[in-house]
Amino acid sequence: MSTQQKYAWFNLTVAAISILAYFALWPVIGPWRAMSAFGLLGFAGFSFLFYFRGKKGGRVVSDERDQMISLRAYAIAKSVIWVSLI
């Protein structure tokens, strides 16, 4: 599994855990207070640590193709957010 895949899976797992925590807390403390479960999304900030564990002396192992895929995914995500929020 590549570094980018580990990064993406970690972020997806953190998001899924926070959504599950929200729905688990909803019946107990109500919908407004259950939104505090989304504070768990802060753990996604630790995902950058995957880039420091590369195979070549701690450097990131990626080529031009990986960088282009990353840029394209970023552009698509930015477009979706603009359309949905603005």
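Contact is taken as heavy atoms within 4.5 Å, and buried as under 20% relative accessible area, exposed as over 50% and partly exposed as in between (1.4 Å probe, protein chains only). The model is predicted, with local features needing pLDDT of at least 70 and side-chain atom pairs counting only at pLDDT 80 or more, while totals for chains, interfaces and linings use all residues. Residues are numbered from 1 along each chain as its sequence is written, and side-chain values use heavy atoms, with hydrogens and water left out.

Helices are DSSP runs (H or I, at least four residues), numbered from the N terminus. Helix α1 spans residues 3–29, 27 residues in total, and reaches 38 Å from its first C-alpha to its last. This is close to the 39 Å expected at 1.5 Å a residue, the expected span being 1.5 Å times one less than the number of residues. T3, V14, S18 and Y22 of α1 are buried, and the buried residues of α1 pack against α2 (31–34). G30, with a positive phi near 95°, follows α1.

Rings of Phe, Tyr and Trp (its six-membered ring) pair if their centres lie within 6.5 Å; planes under 30 degrees apart count as stacked, over 60 as edge-to-face and the rest as tilted. The count by this rule is 5 aromatic pairs. The ring centres of Y22 and F23 are 5.2 Å apart and the planes lie at 65°, so this pair is edge-to-face. Y22 and W26 form a tilted pair, at 5.5 Å centre to centre and 45° between the planes. Both residues lie in helix α1, 4 residues apart, about one turn of the helix. Y22 counts as buried at 12% relative accessibility, whereas W26 counts as partly exposed at 37%. Y22, F23, W26 and F38 form one aromatic cluster.

Terms used
Helices (H or I, at least four residues) and strands (E, at least two) are DSSP runs, numbered from the N terminus.
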